[in-house]
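Hi there,

Here is the structure I promised to pass on. Have a look at it first, and then read my notes below.

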Amino acid sequence: MKMHGWGRYPEVDAEVFTPQTKREVQELLGRLQGQGVTPRGLGRSYGDSSLGDRMLSTRWMNHLLSFDPESGVLYAEAAVSLQEILQTFVPKGWFLPVTPGTQFVTVGGAIASDVHGKNHHVAGCFCDHVEYLDLITGPDTILRCSPVENPELFHATCGGMGLTGIVYAAAIRLKPVTSAYIDQTTHKASNLREILELFAVHEAEPYSVAWIDCISTGSSLGRSLLMTGDHTRQEKLTVKAGSGLSLPVDMPSALLNRHTIRAFNTLYYHRIRERVVRSHTHYGPFFYPLDSIGDWNRMYGGNGFTQYQFVVPKAAGYPAMKAILETIAGSGKGSFLAVLKAFGKQNRNLLSFPMEGYTLALDFKIEPELFPLLDRLDSMVLDYGGRIYLTKDARMSEATFRRCYPVWEQFQAIREANGLKGRFTSLQSKRTGLD
Ligand SMILES: Cc1cc2nc3c(=O)[nH]c(=O)nc-3n(C[C@H](O)[C@H](O)[C@H](O)COP(=O)(O)OP(=O)(O)OC[C@H]3O[C@@H](n4cnc5c(N)ncnc54)[C@H](O)[C@@H]3O)c2cc1C
């Protein structure tokens, strides 16, 4: 079967297995002895981390197992999606402690990428709210892992991109809320210095994220809109259906060029006239603006696209972002979607992406001159002491990976000690030298 990630690049021919229970997962691992298998959730990682010759779709392990209304701890199977959690628990007054920019990801995928949201600076990553997880590591082994039980395997699995086993289920601490709505404030920043200052001024706000114009140059370099927010205190705990809209066909990729992106960015930036605008928004459009258009990944044409997301340390913030934005603006390539966030402290998970600093995510359509540009950006990010996000990546080299994640040897030693090398694999792990 032809398979790809959210960026639709690369595409592979894969054998896809769909076991329905943890017992069936173990039987499959027994049958496949010696041959690597790649865990797969909802395929919202952009590149090749959930691709391989033999893929194990977790889709049928999608049951909510228990919930403690006193503590808010939900124990759920790995293929339960964040959307399902919200639909069930928002009406009861509970919300996800951390959520990425789409609700169409599984609990297993959120753990394997140790995803972050708009509140990393105050709440950390998804796995910082996981009490424990049950990990299938072989035909006869399911291990409970937590910061105190099998801690090495826990910290390797959280952010470990599925290379330490199949997460069967996890216990997640939900957070209490009294409303499904968010009080949002949008702040306009005329350039990079202003947006970084705004992040600092609003660092106590629970949620913050900025859209940044990555094409403007000179005194407007880095002009942005910062959105901050918090849950409203009103008692409206409603979930809403999606828009039902979707892109039925691939858009011609030529429609996405420097001129259309410049026009879009100018309109988007000037849609807000005042310096500060307040609004009241449902959690759907606030957290998941792109989820309302199904298959929006077809917008980039038949060759697909990649998302380049990096983080640079706080101390390097302004010069690093300035140099990188200038390089992108000067390359003639642009991105509609350029998202800037401030991260808080990094956690103990070995391959977890966030570090204290600033992260920028940009979508680029796949075209011949793109990869040399991204190679250049890699070396700039590394020189500033930063790293690149594995769950978005489809092309970083082994050497770059090792510099981004210098604890890779410790990660490999844990896999080796638990007999996981060779058993759990992906196209990305092969490319980055983890096999
Ligand atoms: C529109 C959009 C917005 C996004 N915004 C953010 C964001 O703000 N922050 C962020 O951090 N990420 C973000 N992401 C990325 C997304 O959250 C991650 O890629 C997430 O891991 C996808 O989950 P999935 O269920 O689709 O997993 P997949 O894409 O299927 O797999 C991702 C990884 O998890 C592994 N995996 C999946 N299930 C299991 C399991 N049960 N056991 C072990 N390993 C498993 C796979 O092998 C692979 O390595 C975004 C993605 C999209 C499309």
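**Strand S11 and its neighbours**

Strand S9 (residues 130-138) runs antiparallel to S11, and six bridges join the two. Strands here are DSSP runs of E with at least two residues, helices are runs of H or I with at least four, and both are numbered from the N terminus. Two strands count as paired if DSSP finds at least two bridges between them. Within this pair, Val130 stands opposite Ile172 in S11. S11 also pairs with strand S7 (residues 73-77), again in the antiparallel sense, over five bridges; there Tyr75 stands opposite Ala171. As a reminder, strands of a sheet pair through backbone hydrogen bonds, either parallel or antiparallel.

S11 is mostly covered, with seven of its eight residues buried. By "buried" I mean that 20 or more other C-beta atoms lie within 10 Å of the residue's own; 12 or fewer makes it exposed, anything in between is partly exposed, and C-beta atoms are placed from the backbone.

**Before you go further**

Please keep in mind that this is a predicted model: local features need pLDDT of at least 70, side-chain atom pairs count only at pLDDT 80 or more, and totals for chains, interfaces and linings use all residues. Residues are numbered from 1 along each chain as its sequence is written.

**The chain overall**

The chain has 13 helices and 22 strands. Its radius of gyration is 21 Å, close to the 22 Å that the globule rule gives for 435 residues, so the chain is as compact as a globular protein of that length. (The radius is taken over C-alpha atoms, and the rule is 2.2 Å times the number of residues to the power 0.38.) Along its principal axes, the C-alpha trace spans about 60 × 50 × 45 Å. Of the 435 residues, 48% count as buried. Among contacts between residues at least 6 apart in sequence, 76% join residues at least 24 apart; a contact means that the two C-beta atoms, placed from the backbone, lie within 7 Å.

**Around the ligand**

Of the 34 residues around the ligand, Gly41, Gly108, Gly109, Ala112 and Gly162 come nearest. To be included, a residue needs its C-beta atom, placed from the backbone, within 6 Å of the molecule. Strand S4 (38-40), helix H3 (107-112) and S11 (166-173) each supply at least two residues of this shell. H3 gives the most, with four residues. By class, the shell has 13 nonpolar, 19 polar and two charged residues. In that count Ala, Val, Leu, Ile, Met, Phe, Trp, Tyr, Cys and Pro are nonpolar, Asp, Glu, Lys and Arg are charged, and the others, Gly among them, are polar.

**The eight-stranded sheet**

There is also an open sheet of eight strands, in the order S17-S13-S15-S14-S20-S21-S19-S22, with antiparallel pairing. Its edge strands are S17 (276-282) and S22 (387-388), each pairing on one side only. Helix H9 (residues 317-331) packs on the sheet, touching S19 (305-313) and S21 (357-365), and its direction makes about 10 degrees with that of S21. For that angle, axes are lines fitted to C-alpha atoms, for helices over the stretch in contact, and angles run from 0 to 180 degrees between N-to-C directions. At the S17 side, seven bridges join S17 to S13 (residues 181-189), and Gln184 has Ser279 as its bridge partner.

How many residues of S14 are buried? Six of the six residues of S14 (residues 207-212) are, so this strand is largely enclosed by the rest of the structure. Tyr207, Val209 and Trp211 point one way from S14, while Ser208, Ala210 and Ile212 point the other way. S14 pairs with S15 (residues 224-231) over six bridges and with S20 (residues 338-343) over two. Trp211 has Leu225 as its bridge partner in S15 and stands opposite Val339 in S20.

**Two buried residues**

Gly386 sits in the loop between helix H10 (370-383) and S22. Gly386 is buried, with 23 other C-beta atoms within 10 Å, and the residues it touches include Phe310, Pro313 and Val381.

Phe401 lies in helix H11 (residues 398-404). Phe401 is buried too, with 22 other C-beta atoms within 10 Å. Leaving aside residues up to four places away in sequence, Phe401 touches Met396, Trp408, Thr432 and Gly433.
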